[in-house]
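Below is a short report on one protein model. It covers packing, domains, backbone geometry and charged pairs.

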Amino acid sequence: MLTIPDSLITRLAEAKTVTVLTGAGISAESGVPTFRDAQSGLWARYDPHQLATAEGFASNPKLVWEWYEWRRQIISKVRPNPGHVALAEMERLFPKYSLITQNVDALHERSGSKDVIELHGNIHRNKCFVEGIVIDSWPSDDSVPPRCPRCSGWLRPDVVWFGESLPLAALAHAELSAMTCEVFLSVGTSSQVHPAAGLADAAKAAGAVIVEINLEKTPLTKTADYSLRGKAGELLPALVTAIGSQSAERKTGSE
Ligand code: BJW
């Protein structure tokens, strides 16, 4: 039984500016392993430093490329779930709405969300490890990873690894959206990886109501105004329905 406090529904039905930050939990219900779950099975003997840092890639580019190829194959077979769809529907409900994601799977875009702020890149894109330029195609040969057609450097996925800067424009846009919203929703993220984890704190400091949706407690739970425990794929559609009904009632009442 999903319980969403009435006061939260009222606050959301009144809100004009809403910002959402998503993490791996929202895509878990589509079958995309979370970053930590992706280090299981064959990959369990490698740590995040070996698989998700520039140093790890430089020391074993083939291993890292193959890990990403394995994840790309999983992602190519999954579909957005009702949580993604509900977040796309929220675009209609609020005059100003920003959707920020730490996920690299592009499932928000596939479910119809527009202007998604991708903080950690996109696993479907590649860039040159040497020049940092996005590369869409390259001559096919047996090289693993493939080589950059411009400079022959290794190609790598266009994602943000530990110790790397986030895309500046995306981070600036996310910070502004966090600091100017009335309600900030943090969905399916462990709230442990910075700077993304600091966005909720920035929103709180600027006076926003903080809502967390997660299966478990996180470091954000203490400061959140509302902590909804459950699956994003169930809670988000329930929220959208409840906000929609309350807005419709208000409209009828004022006529
Ligand atoms: C459900 C659910 C369901 C499940 N429904 N819920 C400040 C303090 C401490 C450390 C730092 C700091 N500032 C920077 C750092 C260092 C570091 C960092 O944060 N480390 C921490 C781990 C301690 N940050 C960085 O290195 C960042 N770069 C940086 O700061 O650069 C500075 C710099 C300045 C100048 C020059 C150069 C550099 C970069 C961080 C990049 C993170 N990249 C990754 C990999 C992306 C590519 C890939 O996917 O391969 O991003 S790491 C990984 O973590 C991935 C994720 O996007 C990110 C966040 O994970 P997320 O989404 O929270 O997932 P999980 O798995 O952790 O949690 C899932 C949650 O869902 C759980 O809570 C579940 O309960 C829940 N859940 N099912 C609802 N159905």
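Setting aside neighbours within four places in sequence, L236 is in contact (heavy atoms within 4.5 Å) with I26, G83, A86, L87, M90, L185, V187 and I213. L236 is also among the residues that touch the most other members of the largest nonpolar core, together with L12, V18, M90, L185 and L239. This core has 30 residues. A nonpolar core is a set of buried Ala, Val, Leu, Ile, Met, Phe, Trp, Tyr and Cys residues joined through side-chain atoms within 4.5 Å. Buried means under 20% relative accessible area, exposed over 50%, and partly exposed in between (1.4 Å probe, protein chains only). At least two residues of the core come from each of α1 (6-14), β1 (17-22), α6 (82-93), β2 (96-101), β7 (183-187), β8 (209-214), β9 (226-229) and α10 (232-253). The most is given by α10, with 6 residues. Helices (H or I, at least four residues) and strands (E, at least two) are DSSP runs, numbered from the N terminus.

The model is predicted: local features need pLDDT of at least 70 and side-chain atom pairs count only at pLDDT 80 or more, while totals for chains, interfaces and linings use all residues. Residues are numbered from 1 along each chain as its sequence is written, and side-chain values use heavy atoms, with hydrogens and water left out.

The domain assignment, which is automatic or from a database, gives domain 1 (1-31 + 80-120 + 166-255) and domain 2 (33-77 + 126-159). The C-alpha centres of domain 1 and domain 2 lie 30 Å apart. At their interface, 8 residues of domain 1 are in contact with 9 residues of domain 2. The area buried between the two domains is about 570 Å², and carbon and sulfur atoms give 62% of this. Buried area is the accessible area (1.4 Å probe) that two parts lose on being put together, summed over both.

Most residues other than glycine have a negative phi, and most peptide bonds are trans. The bond from V144 to P145 is cis, with omega near -5°, and P145 lies in the loop between β5 (134-135) and β6 (155-159). The bond from H194 to P195 is also cis, with omega near 5°; P195 is in the loop between β7 and α9 (198-205). A106, not a glycine, has a positive phi of about 60° and counts as buried at 12% relative accessibility. S152, likewise not a glycine, has a positive phi of about 70° and is partly exposed at 46%.

A salt bridge is a side-chain nitrogen of Lys or Arg within 4 Å of a carboxyl oxygen of Asp or Glu.

| Pair | N to O distance |
|---|---|
| D158 and R125 | 2.8 Å |
| K204 and D225 | 3.2 Å |
| R229 and E212 | 4.0 Å |

D158 forms its salt bridge with R125; D158 lies in strand β6 and R125 in strand β4 (residues 121-128), so the pair ties together parts 33 residues apart in sequence. D158 is buried at 12% relative accessibility, whereas R125 is partly exposed at 30%. Both belong to a network of salt bridges that also links E118 and K127. In the pair of R229 and E212, R229 in strand β9 and E212 in strand β8 are 17 residues apart. R229 is partly exposed at 37%, and E212 is buried at 1%.
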